[in-house]
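Biologist: Hi, I'm new to this one. Could you walk me through it?
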Amino acid sequence: MANDPIKQFEISKLVPLEIGGLDVSFTNSSLFMVATVAAASSLLILSTSGRGLVPTRWQSVAEMSYEFVASTLRSSAGNEGMRFFPMVFSLFMFVLIANLLGMFPYFFTVTSHIIVTFALAMLVIGTVVLYGFYRHGAKFLGLFVPHGVPAPLIPLVTAIEVISFLSRPISLAVRLFANMLAGHITLKVFTGFIVSLSALGFGGVLTSILPLVMAVAITALEFLVAFLQAYVFTVLTCMYLNDALHPNH
Amino acid sequence: MPHHQGIAMPKDKETPTDPEGSQGADDDQLASRLDALDRDLGAQASGSGKNRANANAPSTGYGQALRMSTDFVAGVGVGAALGWGIDAVLGTSPWGLIVFLLLGFAAGILNVLRTAGLVAEAGTRETPSQERRPPSRRHDR
């Protein structure tokens with residue numbers, strides 16, 4: 001069956017490699033990660049090479065993405081947060097370009113694998129924890145002890161806060177992954193309906209207009225989701241970085 | 001789109017004040033013009049930030065539901081995993097799982113309330129004087 005909705009997420013080894021018993025093959029996922037990085041870098045390098053005072057179309061795309069990430073970071077983590085700008089901007093561009101590349105037919109969507117989004121989320125949380133301890137030492141743990149809680153309740157509340165903190169990378173990763181996975185499966189299922197309906201003769205072809213309309217609408221929705229999820233990932237990254245900068249006041 | 005304004009406006013403002021033959025302009029003048037540009041850009045940035053916050057305020061109910069449900073499930077999942085791990089290490093089965101599953105449930109609810117903007121972030125409860133954080137930032141995500 002050509003329209004197995006899960007088939008698009010299969011990993012295939014392009015260049016089998018094994019180093020020290022560890023499978024480090026270059027897969028189609030790796031290929032698209034490289035393509036994402038290459039696309040993002042060349043977009044930014046080429047579009048900013050002109051450096052006109054009046055930006056060209058491409059230059060203003062680059063400027064808009066810069067302005068957007070910078071203002072998001074400033075508004076949630078303050079001017080101090082700008083030291084994380086390179087990381088946040090790279091994350092934003094990577095997620096956005098990966099999501100958009102996934103919208104091409106026959107392309108692989110890197111962000112539809114939870115291990116990829118989880119690695120990105122762990123990068124964020126790892127930075128928050130390491131920088132928090134580096135900057136504030138043990139005071140960083142004050143993040144988990146809210147003010148104004150009666151003493152007998154502190155252990156309970158602290159445990160809840162710790163679990164809530166630990167659940168952040170999970171929800172960050174799951175949100176991006178689930179959105180991309182669900183969107184691509186829905187798209188595949190609806191386009192699959194078109195194929196199977198149109199095999200049923202004239203009536204089927206007429207009816208297949210319905211899933212066709214749906215598929216077009218979902219494609220538009222998926223483009224929106226691609227942007228939205230990159231945005232949400234960035235905003236949450238900024239918020240968590242704010243915790244590392246100002247754990248308690 | 002607030003971005004267009006954010007990029008185009010400062011330049012529009014700057015070009016008329018740009019002297020044509022200002023090779024001999026001294027550093028002071030340049031510095032003051034840079035300051036003015038900085039101020040303008042700053043005003044633009046804060047303005048567009050506000051616009052964006054407003055634009056995103058009525059974000060789709062579907063998106064919000066999805067976000068809150070992942071927040072909740074992540075809390076419960078982490079609690080259960082922690083409890084299960086503690087049981088496996090300390091051999092206290094099933095108490096660790098029971099206790100941490102309940103704590104995880106509480107953490108999930110806390111996550112949801114935070115996402116909804118109904119509960120303040122742990123560190124920010126007693127900080128009316130904090131410099132840069134807009135107070136109602138939580139509502140518009």
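This is a predicted model: local features need pLDDT of at least 70, side-chain atom pairs count only at pLDDT 80 or more; totals for chains, interfaces and linings use all residues.

Biologist: How far apart are the end C-alpha atoms of helix 4 of chain A, residues 114-136?
Modeller: The end C-alpha atoms of helix 4 of chain A are 32 Å apart. At 1.5 Å a residue, its 23 residues should span 33 Å, so the two values agree.

Biologist: And which residues are buried in helix 4 of chain A?
Modeller: Among them are A:Val116, A:Leu120, A:Val124, A:Val128 and A:Gly132.

Biologist: What covers those buried residues of helix 4 of chain A?
Modeller: The cover includes helix 1, helix 3, helix 5 and helix 7 of chain A.

Biologist: How do the axes of helix 4 and helix 7 of chain A cross?
Modeller: They come within 8 Å and cross at roughly 20 degrees. Angles under 35 degrees count as roughly parallel, so helix 4 and helix 7 of chain A are roughly parallel to each other. On the helix 4 side, the contact includes A:Tyr131 and A:Arg135, and on the helix 7 side it includes A:Phe233 and A:Leu241.

Biologist: By class, what residues does that contact have?
Modeller: The contact of helix 4 with helix 7 of chain A has eleven nonpolar, four polar and one charged residues.

Biologist: New topic: is A:Ser65 buried or exposed?
Modeller: A:Ser65 is buried, with a relative accessible area of 11%. A:Ser65 sits in helix 2 of chain A, residues 57-77.

Biologist: What does A:Ser65 touch, not counting residues up to four places away in sequence?
Modeller: With those set aside, A:Ser65 touches A:Leu44, A:Phe89, A:Phe92 and A:Met93.

Methods: Residues are numbered from 1 along each chain as its sequence is written. Chains are lettered from A and ligands numbered from 1 in the order in which they are written. Side-chain values use heavy atoms; hydrogens and water are left out. Helices (H or I, at least four residues) and strands (E, at least two) are DSSP runs, numbered from the N terminus. Buried means under 20% relative accessible area, exposed over 50%, partly exposed in between (1.4 Å probe, protein chains only). Contact means heavy atoms within 4.5 Å. The expected span of a helix is 1.5 Å times one less than its number of residues. Axes are lines fitted to C-alpha atoms, for helices over the stretch in contact, and angles run from 0 to 180 degrees between N-to-C directions. Angles under 35 degrees count as roughly parallel, over 145 as roughly antiparallel, 65 to 115 as roughly perpendicular and the rest as oblique. Ala, Val, Leu, Ile, Met, Phe, Trp, Tyr, Cys and Pro count as nonpolar, Asp, Glu, Lys and Arg as charged, and the others, Gly among them, as polar.
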